[in-house]
Amino acid sequence: MFIFALRRLFAAIPVFLVATFAIFWGTSEIVDPTDRLATCQTCSQAAYDRIIDLYELDKNVPLRYASWLGDFVTGDMGAATSQGERPVSEIFWERGRNTMLLALPAFFLLMGLGAATGIYSALRQYSKGDYAITSISYLGLAMPTFFFGLLLQVVFAIWVPKYLGVKPFWASGMHLESPLQFIRSVTLPVITLMFVLLAGDSRFIRASVLDIKSADYIRTARAKGVSERKVISKHLFRNAMIPAVTVWSLDAAALFGGSLITETIFSWPGFGRLAIEALQAGDLDLLMSISFAIIVLVIMFNLLADILYGVIDPRIRYD
Amino acid sequence: MTDMLDESDAKYTQRTNDNLTIPDGPDIDFAAVEGLAENPESLGRQAWDRFRRHRLAIVGSAMLVFLAIAFWVGPYFLDQGFEEINVLERAQGPSVAHPFGTDDLGRDLLARTLRGGQYSLRIAIVTAVFSTAIGTVFGSIAGYFGGAVDGAINFIVNVLLTIPLLLVLIIFGRQFGARPNTVALLIGALAWLRAARLVRGQVLQLKEMEFVQAARAAGAKSGRIIVRHLIPNLVGILLVEITLLAGTAIILESTLSFLGLGVQPPDTTLGTLIADAKGSIDVRPSRVLIPGAIVTIIILSINFIGDALRDAVDPKSGIE
Amino acid sequence: MIRDNKLARLLALVFAFALIAAACSSDGGDDTSAEAPEETTADGEEEEAPAETTTTEPPAPDEEGSSGGTLIWAHEQEPPDMHLDDPNNGLSITSWLRSPLIEGLYGISGATEYYPELLAEEAVVNQNEDGTVSIDYVLRDGLMWSDGTPLTANDVLYTHNIITEGCAVEDDGSIVDGGAAEGEDSTCVYFTGGYVGIELVTAFTVNSDTEFTVEMASFFAGFKALYSDVYAAHAYGDDADAVNTNLAEWANADGVLPSSGPMIFDSWDRGVALNMVRNDNYHGSNSPDARNDGVAFVDGVQVNFVADTDTQINSLKAGEAHIVMTQPQLAFGERLSSDENFTVNSSAGPVYEHWGLNVLNVHLQDPLVREALAYGMDKNEVMTGLYTPLFGDSLPAEGLGNTMWMSNQGPYVDHQAMYDGRNSEAALANLEAAGYSDSGDGIYEHPERGRLTLRVGTTGGNALRELQQQIIQAQLADSGFEIEIDNVDGGAYFGEVPFSEEALAAAGSGGAEGDPTIWDITQFAWVGGPWPGGGSAAGLTGNGNNPYGHSNPDYDALAPECDATVDDAERAACYNELDLFRTTLEKGDTGLFMIPLTQKPSYYGYLSSVLSGAGVAPDAQGAGPLTNVVDFQFK
């Protein structure tokens, strides 16, 4: 399995290179860092030259990309011009941490709730609970995130004033030291993040449990007189987890990479918002570092899913 | 190892509209369609029977047809065009003259909703058909020829899967401007990955089948085999794919509108209507909720149809 | 294999219908917002307070308010650093954040007039016989930096020196003595604040701690804008490099930079909030608007960076912020004006919105077409539809008729009246005279120039501007014009469209170089001061502020004359004449490259239940809600 992981890792390198180059190239097409000097009436040639120099705009895109990559892999993430030329590495970890504050609770809740609702729906197929869960899932699939997020904000922060003290956004007094404040701040964004993903997860897990329910080995187990509880806990759950692992790894990649809309609406200073700010400000170094992180996350979690597959399901072998 | 790769990758599906990474995740799992090849006609009828028995799919289809008629025919019965500005009647709630109220410029929101519906449906259909077509071409080539071609296409798919979709949409949106067709083509150009995976998997199976082998033995050219023998057998899953993508396209388009990359005024889409009205969500909720509900209904209907189609083309699935 | 239960889906469908039903019925409008009746003395325009509210006249706020508390301002934009003149910066938010920290010789009042801020009285302008001018300034007594150091004329001299001397970049990257002093364009990267006109200064003499004299080569109408920030000689850095670093961080080796304003910079949690605390050594505000002449009432200010405009309003409504200032938009007014817990203030500043025409465009190079455009537009509709509902009578009801005209200034003439009123007959007559004819769908076309389609662009994301574009788009459709809206999100618009290198090259060379097809019509606002000096540059041939491609030697000759006219009335007359070049064809066929729309209002809302009315004074100069921070008071 170790060799398998290594091989996959190596296979991912060209994917990573092409993907980052594509973003670099695309961004260079639409963003010109010298644009911001256009409205600066007294900015001089020196200022202009400085920016040309900073981003090596006198070279062509592949050369610039190579230069960025060289710096990046040697640990130099560059300076963020949209944040007073602070080192990107500093901003990177700070915002990454903030994204995790949303993503981790959302991810674990998602796993728990997705599995719980999916399995419940499948075991109690056609019960009222199943109907309720499925209806909500459909709505989750059909609702744009920004719409749902703003709705939550208006309902829980304005219409029901200060209900349980939830905050409409990253509240100024939010500190990790105060668990209550923290919970109040993350509640709405976490629900928003989770809701859209939950629908798909729940429906998927429901479907796979239903599939397994009618599988031969479950029938066999039942026929052998294995207790229902044991059938469910030992055979059903374990087998239902195999496809769920894929979903969860994809969720993780999506969540940990930051969410653009949710973070914007809830004013959460995380990766997603940073990406769009960097794009709008033409802050190439910052944008590339974020893209790098997201691409690596996706590749890593896909790999992780494949490995977990083998751990859970002994039938799968890696050659 | 390669088999395993396919298994996990084939499950990519468009799902959320928020995260920077490509919204994907497993949703459906296609079983083999081996039966289809042998006797398409009778199986086609069977499929239609199955579809018909999905009453909700019928409701969904009826709903879509109704909405489509309303969107395209409705405007002829309205006094005020979707672009007609009347600032004296701005920002009104629903009334007899304006059943859905008016927007910030006094334009009739019913007329705008109908216009927006036209564009949203158009974007959904163009996107879905366009990206399914790309996916089919790439997928069938990859599956049929295998080897280096397969590897190359696989690589492209992997690259696209890792690139943050919204970021790419924003970059391209800025570059090419936001016209309904560009928006549709943009989304379409990035959403074909799953279709390619699915088609590739199917083609891998189909090409080993007797009728394909026979055609090949008879000296048929590859192109002809793909077009005449393989693609007709893919129609079922492609239809399902189209429905799924159509739903995704509508949600993605509305997200782009939220980011200010929607279609340019005076034209509008349902997503743009929601995005425009989000600021008055607590004082005039109807402005947000009506287009929101219509988007929800369209996506639900599309989902119903998609589910029914899936059952119809998948003989393994039963119908209660 | 996925057996979806029909009932569940039916439920979902029913729910969706229920949404529509709920939407249609629950649309009472105000019933929702009236749910939390926190009793308040309604401020200003909000007079219908609930019955139990004490309906006495709002008492003098100073008596009712108390000291202490932290004022929270939710704002969408976060600056890259605190150095306004950093090429990466230059953002309004930076100047808004600096306004409570640092004062200048003159301030701008709510009525858009200069008042002596650090000065004890108006500066005295002496005209010398050789045409040069010397200006005598007297600083207020008892001025002090927040660290206790006295603020003297030496600080102004230091500011002058650091602006003018540190203005060339050597090969090694250090910033040293430079071009401005030699009368060339400044090569100074970093110091642009209060720069316009400074090249005319020939000598700066300090007479005493409070008195100094500035000699200028000729009179400059905008001289009051000079030294609008005065830096501390003892703390801001010895050379330009140090000052650049210190200003960006707003700190030197010893800590936070001392303030001359009512607040001191405290801390900045990037992406979240910036904090300021009260300056207890503050020498008091000199503003005619100020009701408090001592130190600020509030203990501090927190600026929360809230990314989404709707979220800002939500945060205000949820009580998480006390004051917001967004781009003016209708929803803002609807959601806050209708609620007695909130007060919305607006005022018109010296910033004018206009349509700028690219005279190199194949259609717009024809004066008849430009005139047709002016005829086809109806500013009254823009005003009654958008601005009056939001801003009441704080803006001229008929819109702006003169690009040199600003509120509360001189006898400026409305030149646009002749075009007013959506005169599509006149517009179409013009087009026909120019050889256009109806192409069949109401849009005109020209045998050589083709279909009369013009793109109009602005900074996307500004809701009010976008609505304005749409109104005018509809108006012009009646006059044979097809207007395509082509916006670019945010500030990138300028650099990518009208002020892009290629477009400016075209404008400067009359189309010989560069690319004149990048844009057709642009909509944006020029920021002026109470004195319009410098604003005339936008029409000068080849000037970097002139993207329109306008070129007229008479204008080029007249503009500097106007800027150097000392007498107020004469200068106003001169600027009136200058405006004729810009907005009419009376001065020749090169004219009419600007169509003024309106003054840009500043606009903000606050929680009237928490803040006393004091301090929330009109903010005409667009200096942000913190201009009058010294007056803010909690109830």
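Predicted model: local features only at pLDDT ≥ 70, side-chain atom pairs only at ≥ 80, totals over all residues.
User: How many salt bridges does a search of the whole structure find over all chains?

Analyst: A pair is counted when a side-chain nitrogen of Lys or Arg lies within 4 Å of a carboxyl oxygen of Asp or Glu. Over all chains, the search finds 20 salt bridges. One pairs C:Arg278 with C:Asp299, at 3.3 Å from N to O; C:Arg278 belongs to strand 13 of chain C, while C:Asp299 sits in the loop between strand 13 and strand 14, 21 residues apart.

User: Which parts of chain C does the salt bridge between C:Asp366 and C:Arg449 tie together?

Analyst: In this pair the closest N and O atoms are 3.1 Å apart. C:Asp366 is in the loop between strand 16 and helix 8 of chain C, and C:Arg449 is in the loop between strand 18 and strand 19, so the bridge ties together parts that are 83 residues apart in sequence.

User: Is C:Asp366 buried or partly exposed, and what of C:Arg449?

Analyst: Buried means under 20% relative accessible area. C:Asp366 counts as buried because its relative accessibility is 11%, whereas C:Arg449, with a relative accessible area of 22%, is partly exposed.

User: Which residues gather in a patch of positive charge on the surface?

Analyst: Such a patch is made of residues with over 30% relative accessible area and no salt bridge, like charges being joined within 9 Å. Here A:Lys224, A:Lys230, A:Lys234 and A:Arg238 gather in a positive patch on the surface. Among them, A:Lys230 lies in helix 9 of chain A, which spans residues 228-256, and A:Lys230 is partly exposed, with a relative accessible area of 46%.

Note on methods. Residues numbered from 1 in each chain as written. Chains lettered and ligands numbered in written order. Heavy atoms only, no water. Patch = residues over 30% accessible without salt bridge, like charges linked within 9 Å, V, L, I, M, F, W, Y side chains within 5 Å. Areas by Shrake-Rupley, 256 points an atom, 1.4 Å probe, with all protein chains shown as cover. Lys, Arg positive; Asp, Glu negative; His and termini not counted. Charge placed at Lys NZ, Arg CZ, Asp CG, Glu CD. Helix = DSSP H or I, 4+ residues; strand = E, 2+ residues; numbered from the N terminus. Buried < 20%, exposed > 50% of the residue type's maximum accessible area, 1.4 Å probe, protein only.
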